[in-house]
There are 4 protein chains.
Amino acid sequence: MTETGTIRVGVLGAKGKVGTAICEAVEAASDLTLVAAVDRDDSLSDLTDNGAQVVVDFTHPDVVMENLEFLIGNGIHAVVGTTGFDEARLEQVRGWLARQPEVGVLIAPNFAIGAVLCMKFAEQAARFFDSAEIVELHHPNKADAPSGTAARTADLIGSARDNAGCPPMPDATSTALYGARGASVSGVHVHSIRLAGLVAHQEVLFGTQGETLTIRHDSIDRTSFAPGVLLGVRGVAHRSGLTIGIDPLMDL
Amino acid sequence: MTETGTIRVGVLGAKGKVGTAICEAVEAASDLTLVAAVDRDDSLSDLTDNGAQVVVDFTHPDVVMENLEFLIGNGIHAVVGTTGFDEARLEQVRGWLARQPEVGVLIAPNFAIGAVLCMKFAEQAARFFDSAEIVELHHPNKADAPSGTAARTADLIGSARDNAGCPPMPDATSTALYGARGASVSGVHVHSIRLAGLVAHQEVLFGTQGETLTIRHDSIDRTSFAPGVLLGVRGVAHRSGLTIGIDPLMDL
Amino acid sequence: MTETGTIRVGVLGAKGKVGTAICEAVEAASDLTLVAAVDRDDSLSDLTDNGAQVVVDFTHPDVVMENLEFLIGNGIHAVVGTTGFDEARLEQVRGWLARQPEVGVLIAPNFAIGAVLCMKFAEQAARFFDSAEIVELHHPNKADAPSGTAARTADLIGSARDNAGCPPMPDATSTALYGARGASVSGVHVHSIRLAGLVAHQEVLFGTQGETLTIRHDSIDRTSFAPGVLLGVRGVAHRSGLTIGIDPLMDL
Amino acid sequence: MTETGTIRVGVLGAKGKVGTAICEAVEAASDLTLVAAVDRDDSLSDLTDNGAQVVVDFTHPDVVMENLEFLIGNGIHAVVGTTGFDEARLEQVRGWLARQPEVGVLIAPNFAIGAVLCMKFAEQAARFFDSAEIVELHHPNKADAPSGTAARTADLIGSARDNAGCPPMPDATSTALYGARGASVSGVHVHSIRLAGLVAHQEVLFGTQGETLTIRHDSIDRTSFAPGVLLGVRGVAHRSGLTIGIDPLMDL
């Protein structure tokens, strides 16, 4: 039963770990109504039949494009956390959206509000300091190093420094063991720690004469994406076209 | 000897610890020229005689008003780190400036760029989290607790949350030892640590479901104000009237 | 089915959150065999019938004494995480043990190995520094402040300093807001933070001329007691009589 | 003028930065008397002429062996912070000491008490955790990476784990940028950060199921060696022969 004035929300991938948590979060929010919880054995028409206005997609790279074509074609806004979007896929989505100019699609690599703020603040701070380095810390089951978020943060810092005409960072290292100084991403040294007992953490360090600024994000629970997904659900209808990342909706 | 095209800078309180460091920083900057280093036994006319365009004042509450009246009256811009400005004093300065509309005066309680960014980011982040608390850590010779910077940060967080209509922070504490939960400033709990081996540090913690964001500023050297003072010297001439704090000059 | 050479383990409170995790941990350990999982509706005789050699008790203050009388009386070693032991209760347990000198009972307020090491190291470091303070950080549903672990750590630091003849810690605070400097426990300032997104964390800070040492424990999962419980199960049979805390078994 | 009952102390390298700080610290200590402050243009006989009982040597690898031969030959105990001791040099010192069995020589790579405790605690904690990594952070003028202290800490952790029969640390990394996972020292990943605004810092991280333990040492002032040097001066006379590192004197 839908309450008047609430947003009618559908969830794709509803029985996955993430999808289950999103269904719970939608149901707990008084301004949202869950009208369709669709998983792999269900039909996409459940979404249209139940009048979904916004659909959240945390599925799989193999099916997400098909889902998006359906959603956009039916005038439904989408909030997408599924991975695997390269430029070709984004271009395809933009093409579909060109024919439905009132629809909004939000594709975000990271819905944790703290992670997004960490990146934003890192970008803002970058030009005021002589040095910047990143430490990212994750559970030992992670396959890649550094994390995508750390690499993206390094890119943002590197670009901000380039745009401001900052000189290279000071570093007198002349003798180093292989790997001691980390990986260099856009000129920023990035260090990856893998430790039992951790989940997902990132620390960005800035330094200048006599002072340092540290911005740290700790995510200790897989549900930390929920507040960001809801923020996307509430905002996507007001942004037609393709939006990448939740920060444009945060009005920073 | 003044180089063409540089800003002609005077320093008041030039023989104090802070003043000495500022004189050195001005002399090291290629776009600034130190034209007058004035201390308590010198005459203010050294500043006008040497054509100072911007004067830095790190003196004492007893003399700073007299200095400002002189500087403004002579059309000299001022960058002021001296403490003790209440609303009455600021009103007086505004009055003097009304008669010299081209002059700019910057009065800042904190010139450490990292501290300013820490406050700014705390203010921006405040409305996205359920909880916020502040820990400030200083050397054990500090007389007041909490620090002025921590109290100001708490005010900024409290106002940002009020403006966004955030609910009260969750806190189920029912049994507490006197002082355990810190001091409450604008609804934000603030904790003051005094420890040998520290200088001046502040940590702002934000938390929501499954994630936390921490912004930390460490100042380990009294010279950490220098980059911020130079930023003020370079920017004050472009902002006529009274400016409070260096953040308006940081273009965040 | 019990494998030869393994320790036969029973669990009391087996269907509670903690008990369930302990059952899983026992079953996953190749040197332990779970022979009885007993909850409130089961009979204690399940433990003797199945030949339990060591029993883990995470139940309730109302029933733990009855459980212990039964276990000791039947020559079964016990590892107890249930709370509520005062000196009178401990004396009662010692009385029962006097009649069964071969039985070992371990009662521990905290089984997290990291928490125990944090306390131990804090105690060892205390006499070498001028200053020591504690920050403990927990989820906002916690009722008491400071935490029991923080109060115990403060006691250990205070005693170590007294024994070494350390002078009072330096502190020039003359103007403070109510609570800013935290609670004083055994002369150590303790600060309690309550923040959404946290679980259970503690930081002990030591400082002397020009340097600080920080010992931090983060527990982000209720299962963090499991390795300590197993350490107790393996060691309790070798320590007859009453043992308080797991550190005597850690051979530090 | 020497007070009765105090230790008569000489300082070699007395006009260097470190030597000056040591002279000040000796003069400030009521149980020590500074009897000779010797620099490169002075004669070593100043030490014997003034009856030095213990001599502190913070000089240079080129002269320290000559100094030690003189001190040991004259029955004077030595506390040495000069670098450059390899096994050949240590063997030479042991040879000189064999002929003067009452003399004590302390050679320490690090006199910061916090750094020594950090290493000691890391060694003690190592066998209780699945994972261990080290982050060391220094000013950007440092030439080598990782720091000697970090490499030594890694060795201690690696040995402790080997002795306890710990399995390899879990690490599922399969795709990594060059250097992202740091340098491997004795099987421990070590990460080196170089940042303006820092001095010398080290963080040792341990993790197991659901919990982590972090031990951090911050040295923000070159005078942080002073308390450790005084501890050496007071203790070296009671330990004849060669002692490496101050921890044997700390009675941990």
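Me: Which strands of chain C does helix 1 (residues 17-28) lie across?
Reply: This is a predicted model, in which local features need pLDDT of at least 70, side-chain atom pairs count only at pLDDT 80 or more, and totals for chains, interfaces and linings use all residues. Residues are numbered from 1 along each chain as its sequence is written, chains are lettered from A and ligands numbered from 1 in the order in which they are written, and side-chain values use heavy atoms, with hydrogens and water left out. Helices (H or I, at least four residues) and strands (E, at least two) are DSSP runs, numbered from the N terminus. Contact means heavy atoms within 4.5 Å. Axes are lines fitted to C-alpha atoms, for helices over the stretch in contact, and angles run from 0 to 180 degrees between N-to-C directions. Here, helix 1 of chain C lies across strand 1 (7-12), strand 2 and strand 3 (54-57) of that chain, and runs at about 155° to strand 2.

Me: In what order do the six strands of the open sheet in chain C stand?
Reply: Two strands pair if DSSP finds at least two bridges between them. In chain C the order is 2-1-3-4-5-13, with parallel pairing. Strand 2 (32-38) and strand 13 (241-244) are the edge strands, each pairing on one side only. Direction ignored, neighbouring strands are turned by 20° against each other on average. Strand 5 (residues 104-107) and strand 13 of chain C run parallel and are joined by four bridges; C:Gly104 has C:Gly241 as its bridge partner.

Me: Why is one side of strand 9 of chain C and of strand 9 of chain D left without a neighbour in the sheet?
Reply: The sheet in question is open and has ten strands, in the order 9(C)-10(C)-6(C)-11(C)-12(C)-12(D)-11(D)-6(D)-10(D)-9(D), with mixed pairing. Strand 9 (183-185) of chain C and strand 9 (183-185) of chain D stand at the edges with a single partner strand each, so one side of each has no neighbour in the sheet. From one strand to the next, the twist averages 20°. Within chain D, six bridges pair strand 6 (residues 131-138) with strand 10 (residues 188-194) in the parallel sense, and D:Glu136 has D:Ser192 as its bridge partner. Helix 6 (residues 148-164) of chain D lies across strand 6, strand 9, strand 10 and strand 11 (200-208) of chain D, at about 170° to strand 6.

Me: What area is buried between chain A and chain D?
Reply: The size of an interface is often given as the accessible area lost when the parts come together. Buried area is the accessible area (1.4 Å probe) that two parts lose on being put together, summed over both. Between chain A and chain D it is about 3200 Å², of which carbon and sulfur atoms give 63%. A:Tyr178, A:Leu195 and A:Ala196 supply 15% of the area that chain A buries against chain D, more than any other three residues. In this interface, 44 residues of chain A are in contact with 44 residues of chain D.

Me: How many salt bridges are counted between chain A and chain D?
Reply: A salt bridge is a side-chain nitrogen of Lys or Arg within 4 Å of a carboxyl oxygen of Asp or Glu. The count between chain A and chain D is zero.

Me: Which peptide bond of chain D is cis?
Reply: The bond from D:Ala145 to D:Pro146 is cis, with omega near 0°. D:Pro146 is found in the loop between strand 7 (144-145) and helix 6 of chain D.
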